[in-house]
Amino acid sequence: MKIRTMSIDDYEKIYNLWINTPGMGLNNIDDSKEGINKFLKRNPTTCFVA
């Protein structure tokens with residue numbers, strides 16, 4: 001398994017995981033692709049994918 005920082009290119013797969021995970025709450029504004037992209041630009045080393 002490879003662990004790396006998340007990029008906006010990962011969004012569709014991550015979003016699919018989020019919406020298919022019971023109990024995962026999403027915010028329509030902040031968790032939009034645009035919202036996540038803004039977050040990643042402000043915090044480029046805080047989100048990881050495997």
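The side chains of K33 and E12 come together in a salt bridge, with 3.0 Å from N to O. Here a salt bridge means a side-chain nitrogen of Lys or Arg within 4 Å of a carboxyl oxygen of Asp or Glu. K33 belongs to helix α2 (residues 33–42) and E12 to helix α1 (residues 11–19), so this pair ties together parts that are 21 residues apart in sequence. Helices are DSSP runs of H or I with at least four residues, numbered from the N terminus.

A word on the background: this is a predicted model, in which local features need pLDDT of at least 70 and side-chain atom pairs count only at pLDDT 80 or more, while totals for chains, interfaces and linings use all residues. Residues are numbered from 1 along each chain as its sequence is written, and side-chain values use heavy atoms, leaving out hydrogens and water.

How many salt bridges are there by this rule? The count comes to three, and here they are:

| Pair | N to O distance |
|---|---|
| K33 and E12 | 3.0 Å |
| R4 and D10 | 2.7 Å |
| K38 and E34 | 3.4 Å |

K38 and E34 both sit in helix α2, four residues apart, which is about one turn of the helix.

Next, accessibility: buried means under 20% relative accessible area, exposed over 50%, and partly exposed in between (1.4 Å probe, protein chains only). K38 is partly exposed at 47%, whereas E34 counts as exposed at 55%.

Definitions and conventions: Helix = DSSP H or I, 4+ residues; strand = E, 2+ residues; numbered from the N terminus.
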